[in-house]
Amino acid sequence: MLRPLQESDVERLSQLWLHLACSNHPSLPVRFWMAQARALRRELSAKCRSRTASSECTGGSSHWVYTRPGSDIAEGLVTISDNLRVETIFVSPGEQRRGVGSELMAQAKFGRIQLEARVLEENLHGRYFLQQHGFSETGRSYNKAANQDEIQMNCRVA
């Protein structure tokens, strides 16, 4: 089931993201990803500070969380920024290959004409996932912090 991000999701999602980032980017040290995870936690928390009565997070980005039916535990997240970029999309290992990522991507595409995503060159799983959902490479730039190319991918939705 998809629902908007809630403040209670932030810690679990940032820890899950850290685990997946380290797993999918073996050439980068854990400390690199720990700094990124702290930034993600701050960003998600900041979005949740201005909550509505239902405790959903608001802000300039759209954040959608996947939970198993009958559960409130976040098992996946997609974040789409105002400039129509998929900033992050990930699914817990136990829910991967069950259509959860596709459900999150469908939510990201909903009502949009096109989307952009960026993925580090060594993240083969991420690149393949994006290709499976209609994204194609449109450019590359060198990411000095990661010491590798970052691939820009675009998808025309409508």
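The largest pocket has a volume of about 1500 Å³. The model is a predicted one. In total, 44 residues line this pocket. Nearest its centre lie Thr 88, Ile 89, Phe 90, Asn 123 and Gly 126. Several elements each give two or more residues to the lining. Four are helices: helix 1 (10-24), helix 2 (30-49), helix 3 (100-109) and helix 4 (124-132). The others are strand 4 (85-91) and strand 5 (114-120). By class, the lining of the largest pocket comprises 19 nonpolar, 16 polar and 9 charged residues.

Helix 1 and helix 2 also pack against each other, with their axes 9 Å apart. The angle between them is about 150°. Angles over 145 degrees count as roughly antiparallel, so helix 1 and helix 2 are roughly antiparallel to each other. Their crossing is right-handed. Helix 1 makes the contact through Val 10, Glu 11, Ser 14, Gln 15, Trp 17, Leu 18, Ala 21 and Cys 22. From helix 2, the contact residues include Val 30, Trp 33, Met 34, Ala 37, Leu 40, Arg 41 and Leu 44. The residues of this contact divide into 12 nonpolar, 4 polar and 2 charged.

Notes:
Residues are numbered from 1 along each chain as its sequence is written. This is a predicted model: local features need pLDDT of at least 70, side-chain atom pairs count only at pLDDT 80 or more; totals for chains, interfaces and linings use all residues. Side-chain values use heavy atoms; hydrogens and water are left out. On a 1 Å grid over the protein atoms alone, a cavity is a set of points where a 1.4 Å probe fits but cannot get out, and a pocket is an open set with protein on both sides within 12 Å along at least five of seven lines; lining residues have an atom within 4 Å of a point. Grid points are joined across faces, edges and corners, and a volume is the space filled by probe spheres set on the points. Ala, Val, Leu, Ile, Met, Phe, Trp, Tyr, Cys and Pro count as nonpolar, Asp, Glu, Lys and Arg as charged, and the others, Gly among them, as polar. Axes are lines fitted to C-alpha atoms, for helices over the stretch in contact, and angles run from 0 to 180 degrees between N-to-C directions. Angles under 35 degrees count as roughly parallel, over 145 as roughly antiparallel, 65 to 115 as roughly perpendicular and the rest as oblique. A crossing is left-handed if the near helix is turned anticlockwise from the far one by less than a right angle, and right-handed if clockwise. Contact means heavy atoms within 4.5 Å.
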